[in-house]
Amino acid sequence: MRPAAGGRGPWPGRTSWSGRPPRAGRPPRAGRPPRDGRTPRDRHPSPPGRPPHDHHPSRTRLTARRFARNRLATAGLALLVLLFLAAYVGPLLSPWDHRTHDFLNFLSGPSAEHWWGTTQSGLDLYALTLRGLQKSLVIGILVGVVSTFLSAVVGAFAGYFGGWTDRVLTGAVDLLLVMPAFLVVAVLSPLVRGSGWPVFVVLLAAFSWMITGRVVRSVTLTLKEREYVKAARYMGVPGPVIVFRHILPNMASLLIIDAVIQAGAAVIGESGLSYFGFGVQPPDVSLGTVIADNTNMAASYPWLFFFPAGCLVLIGVSLAFVGDGLRDALDPDAAGAQARAKGRGKRAAEEGRRR
Amino acid sequence: MGRYLLRRMAGYLVLVAVAASLTYFLAGLSLNPRARFENRNPPLPEAAVTRTLDDVNMNPDTPVTTRFARWAGDVVHGDLGRTLSGDSLNDDFGRRVGVSTRLLLLATFAGSALGVAVGAYGAIRQYRFFDRFSTLASFFVLAMPVFVVGVALKIGATALNDGTQTIKVLGEYDAQYAGRWDPAALVNRAQHMLLPALTLIIVQVALYSRYQRNTMLDVLGADFLRTARAKGLRRRTALLRHGLRTAVLPVVPLLVYNIVLLFAGATFVEKTFGWHGMGELLVDSVAGQDVNAVAAVGVFTAVLVLAAGLLSDLLYAALDPRVRVR
């Protein structure tokens with residue numbers, strides 16, 4: 001006795017309620033639509049007048065839907081898009097270039113001609129800030145991606161292979177954590193001076209992956225014991241392939257969230273280093289250098305500070321909101337999301353009581 | 001417990017040594033102390049510069065391993081060496097640690113206490129106005145680099161001052177009060193202290209309140225809290241004595257690490273407000289191509305990281321009856 005197929009058994013992978021094992025041969029796959037060309041939507045049409053209901057949303061779809069429900073997260077994403085637009089389209093709207101000095105306007109306030117005012121040397125602050133915004137955004141996102149990749153590879157290899165690989169890599173992580181990252185990057189900055197900002201990205205990423213690396217290692221230790229990893233190992237799949245094909249994809253949500261958070265941290269770190277002259281070097285401009293160049297005059301000419309600093313804060317806030325929203329959407333079991341759901345339930349109960 | 005601690009200490013010491021040596025090599029290879037003496041007018045004689053550099057063990061032409069051997073020998077005997085201008089780094093450290101301590105002691109304790117309070121209160125009043133406001137505000141503060149907070153406060157203070165000098169924005173005290181501790185000098189110091197301390201407190205409250213809110217939310221749903229209420233404790237007593245006490249525990253390591261590490265680098269605050277503490281040395285040593293000073297900062301920071309680790313382990317064990325290593 002076989003049900004109509006399509007995963008209506010007692011639990012996934014088991015299609016019979018009778019206690020007898022399902023018929024030999026190719027077992028029906030649970031959770032998949034039957035092969036008669038009808039989708040669940042055809043079999044359970046939505047009532048007329050209602051939008052069609054999606055019975056089997058994909059994981060991406062589900063995540064996107066949860067993300068969209070989160071108001072702060074969508075606001076953060078919109079803000080991020082706006083910032084990118086401002087950074088790359090904004091400069092086209094103004095006649096001023098970030099390198100052109102206006103010798104008739106030194107330290108003039110925001111006006112119709114110079115929207116955000118000018119600096120001490122007559123540079124247009126609007127053009128300068130947006131140029132810095134471009135660089136800060138790119139640096140932040142690149143560092144986020146690179147450092148997350150580093151932590152994923154190091155953590156997963158240490159966790160999966162164990163033994164000496166683990167000991168050496170964990171030792172390296174401990175050592176890098178003890179060394180003051182800010183000091184080391186600052187010390188190394190003279191060496192990479194003149195080789196442009198991409199090298200700076202590598203430097204920044206090299207000193208910001210360690211904590212996530214530890215997390216990835218401990219997650220790997222549990223994933224290693226899962227059946228699918230064991231199966232792959234007994235089939236003779238080489239270790240590195242298992243790491244990249246079976247272990248890392250299964251902590252994708254952790255890595256995605258971390259990349260976003262790291263990007264935010266990198267933007268702040270970059271601006272801090274650039275503030276002291278250890279970061280982005282001229283002729284490149286970042287938000288940190290713009291703020292640093294004008295910080296002496298900030299008290300008397302506040303717009304010199306508020307426009308670039310405002311952009312910096314907006315990047316940080318938008319990335320934080322997006323990261324938070326992604327965490328809740330990808331990882332509904334995490335503490336924050338659960339607390340949120342619990343709170344919602346509690347509030348509903350309270351409101352019920354009040355009525 | 002004693003043997004466990006000793007083993008842990010030994011491991012820590014090895015790490016400190018390796019980290020400090022690495023920092024020295026990086027600084028020794030990357031920085032160029034000779035640059036400090038170039039482009040002087042009138043130009044300094046080559047031989048004199050070389051002699052000065054040799055004196056302080058920073059001649060880039062000496063192999064870095066030789067320099068390292070001499071430096072390491074001194075450090076083992078408790079001498080951090082001399083700066084490029086020839087001053088003893090030990091004395092400099094003593095002075096700077098004093099400055100940093102005066103700046104940080106009050107601010108860190110106020111910041112921690114306030115952060116825990118704000119976070120816990122936010123959790124209790126979840127989704128009410130205070131919670132929403134503090135969450136959003138801490139998001140914004142955490143999205144700012146510390147120097148942005150500092151400079152913004154500075155601009156605000158300048159506007160508030162309105163031409164007077166009530167809130168001072170630069171230095172630890174005015175020149176005429178140097179070395180004095182009478183009431184007038186104390187008032188002057190307080191005027192200088194207000195802004196940097198406020199900056200530190202704002203940043204710390206934002207950070208700690210986020211963590212504290214999360215741990216407190218976890219505790220609020222716990223059975224033991226319901227039990228405490230059921231046996232007749234008032235809500236406030238139950239929340240404070242059973243809730244908050246448990247919820248603070250997971251935040252303790254974070255607090256300890258941050259407080260201890262602040263001493264190595266309230267860099268941004270010290271640079272923004274012109275205090276001559278440890279954080280300032282970190283930036284100035286690199287900018288001044290001073291290898292010994294950089295290495296000394298490296299040693300100091302590594303020691304602090306490990307001290308913080310040890311301290312937080314000890315404190316955790318003392319506070320949490322479940323952790324007892326035999």
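Two residues count as in contact here if their C-beta atoms, placed from the backbone, lie within 7 Å. Keep that cut-off in mind for what follows. The model is predicted.

Start where the two chains meet. On that cut-off, 37 residues of chain A are in contact with 42 residues of chain B. Several helices build chain B's side. Helices H1 (2–30), H5 (129–142), H6 (146–161), H7 (183–220), H12 (278–287) and H13 (291–319) of chain B each supply at least two residues to the side that touches chain A. H1(B) gives the most, with 9 residues.

Next, look at the largest nonpolar core. This core holds 165 residues. Those that touch the most other members are Val185(A), Val187(A), Val294(B), Ala295(B) and Ala302(B). Helix H5 of chain A, residues 125–161, gives the most to this core, with 17 residues.

Leaving out residues up to four places away in sequence, Val187(A) touches Leu26(B), Ala27(B), Ser30(B), Leu31(B), Val286(B) and Val294(B). One of these partners, Val294(B), is also among the core residues that touch the most other members.

Now turn to a helix pair within chain B. Two packed helices are described by the angle between their axes and the distance between the axes. Helix H4 of chain B, residues 89–124, packs against H7(B) at an angle of about 35°. The axes of H4(B) and H7(B) lie 6 Å apart. The crossing of H4(B) with H7(B) is right-handed. Their contact comprises 20 nonpolar, 9 polar and 2 charged residues.

Notes
Residues are numbered from 1 along each chain as its sequence is written. Chains are lettered from A and ligands numbered from 1 in the order in which they are written. This is a predicted model: local features need pLDDT of at least 70, side-chain atom pairs count only at pLDDT 80 or more; totals for chains, interfaces and linings use all residues. Helices (H or I, at least four residues) and strands (E, at least two) are DSSP runs, numbered from the N terminus. A nonpolar core is a set of buried Ala, Val, Leu, Ile, Met, Phe, Trp, Tyr and Cys residues joined through C-beta atoms within 7 Å. A residue is buried if 20 or more other C-beta atoms lie within 10 Å of its own, exposed if 12 or fewer, and partly exposed in between; C-beta atoms are placed from the backbone. Axes are lines fitted to C-alpha atoms, for helices over the stretch in contact, and angles run from 0 to 180 degrees between N-to-C directions. A crossing is left-handed if the near helix is turned anticlockwise from the far one by less than a right angle, and right-handed if clockwise. Ala, Val, Leu, Ile, Met, Phe, Trp, Tyr, Cys and Pro count as nonpolar, Asp, Glu, Lys and Arg as charged, and the others, Gly among them, as polar.
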